Amino acid sequence: MTSRERWLAALRMEEVDRLPFWPKLSGSYPPAQAAPYSGMSLEEIHGYAGSDMHVGIGNCTRHVRRRTSVETERAEGERRTVFKAACGSTDQVEKWDDASQSWHPVKFPARDRETIRILTEVFADVEVEADGEAVEKASERKKELGEAASTHASLGESPLMLWVEWLAGVESGHYLLMDHREEVEELFAAIHRVNLLTTETASVHCPADMLYFIENTSTTLISPGQYREYCLKHITDYGNILRGACRTFVLHMCGTLKALLPMLAGVPADAFEAFTSPTLGDTTLLDGRTSCPDKCLIGGTNAMLWTRPAEEIIRGIEEALEPLPHHRGIVVTSAGVMPPLCRPETIKEVCEWVTRYPART
């Protein structure tokens, strides 16, 4: 099988020639390595390790606004986004972190009833359309990768998770939801409408093999009751659109999920990605397979395990795989982003072991 064929077969719960293996490398990985790896691209490091690449190519949509605006400016490691509506404006501030090569919010745009209403107006003003130039670029990138990689695109994040992660923050987000439930739920409805439009548009125009919602779901951020009240119905709506369009739907959920598994069993998704084992997460592959027998599980390890020597990592993966009734629908990955402490030589050694592992059908 090619890497792409292997990935797609696993997503469909079909037999594979061997278990797919994807070390989830980000832009923070090469700079933390010694030469020659520090000068390599991510594709070159995957090539060295022999892993099955999984590459993002963009969802090929764009937002059109008529009465509001969202403007972003950058200066000296800071990114400020201003949300403007007829009823006022609010802003979000993020700081750049060199170690993780990513932006982190330090000021959230939802701070009180007034700013919630501003954000609601901004989201309510959005229409979604296909971006022809992005479609062309994504198609070219997919053709360039060929069978060497599977491809994916992110469609967004459900309203509650977007709220606690990016719009209000965890602590303030829960207080605001309690104090101004009606206004926050009105904002959720506006966000959900945009997500529905994005899902419908991308399902037709985006050429990626898999379409994701980047949920980062975890019961350390929201409760099971909140997941049932908000996320479950929203995710079900997105999944039903994608199933109707015969598209593969993946949920990125990288936190503690065990209490949610009975609900997750019923969502119309094909796979859960970043399925994280204890002690960083709280779900083993056996937990996932027992509760969700028809879902592909992408993960099975945790970041702490990948800071250990190769033989310990291999033993941990073997212990996760051994009790499973079969190995269909399993993609072995680092679960979250690969810790830079894990050297390329270690990844390669583990990859070679995975390729030899006798997967049971």
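Angles under 35 degrees between two axes count as roughly parallel, over 145 as roughly antiparallel, 65 to 115 as roughly perpendicular and the rest as oblique. The views below show a predicted model, in which local features need pLDDT of at least 70 and side-chain atom pairs count only at pLDDT 80 or more, whereas totals for chains, interfaces and linings use all residues. Residues are numbered from 1 along each chain as its sequence is written, and side-chain values use heavy atoms, with hydrogens and water left out.

**View 1. Helices α3 and α7 pack against each other.** Helix α3 (residues 113-124) and helix α7 (residues 181-205) meet at an angle of about 20°, and their axes are 9 Å apart; helices here are DSSP runs of H or I with at least four residues, strands are runs of E with at least two, and both are numbered from the N terminus. Axes are lines fitted to C-alpha atoms, for helices over the stretch in contact, and the angles run from 0 to 180 degrees between N-to-C directions. The two helices α3 and α7 are therefore roughly parallel to each other. Residues of α3 including Ile 116, Leu 119 and Phe 123 meet residues of α7 including Val 184, Leu 187 and Ile 191, where contact means heavy atoms within 4.5 Å.

**View 2. Helix α5 is largely enclosed by the rest of the structure.** Seven of the nine residues of α5 (residues 159-167) are buried, a term that means under 20% relative accessible area, as against over 50% for exposed and in between for partly exposed (1.4 Å probe, protein chains only). The buried residues are Pro 159, Leu 160, Met 161, Leu 162, Trp 163, Val 164 and Leu 167, and they pack against α3, α6 (170-179), α7 and α8 (224-244). After α5 comes Gly 169, which has a positive phi near 90°.

**View 3. Helix α5 crosses α7 at an angle of about 110°.** The axes of α5 and α7 lie 9 Å apart, and the angle makes α5 roughly perpendicular to α7. On the α5 side, Pro 159, Leu 160, Leu 162, Trp 163 and Leu 167 take part, and they meet Val 184, Leu 187, Phe 188, Ile 191, His 192 and Asn 195 of α7.

**View 4. Trp 163 and Phe 272 sit in the largest nonpolar core.** Among the 83 residues of this core, Trp 163 and Phe 272 touch the most other members; a nonpolar core is a set of buried Ala, Val, Leu, Ile, Met, Phe, Trp, Tyr and Cys residues joined through side-chain atoms within 4.5 Å. When neighbours within four places in sequence are left aside, the contacts of Phe 272 include Leu 251, Met 253, Leu 264 and Ile 298.

**View 5. Cys 60 has a positive phi without being a glycine.** The phi of Cys 60 is about 70°, and the residue is found in the loop between β2 (53-56) and β3 (61-64). At 3% relative accessibility, Cys 60 counts as buried.
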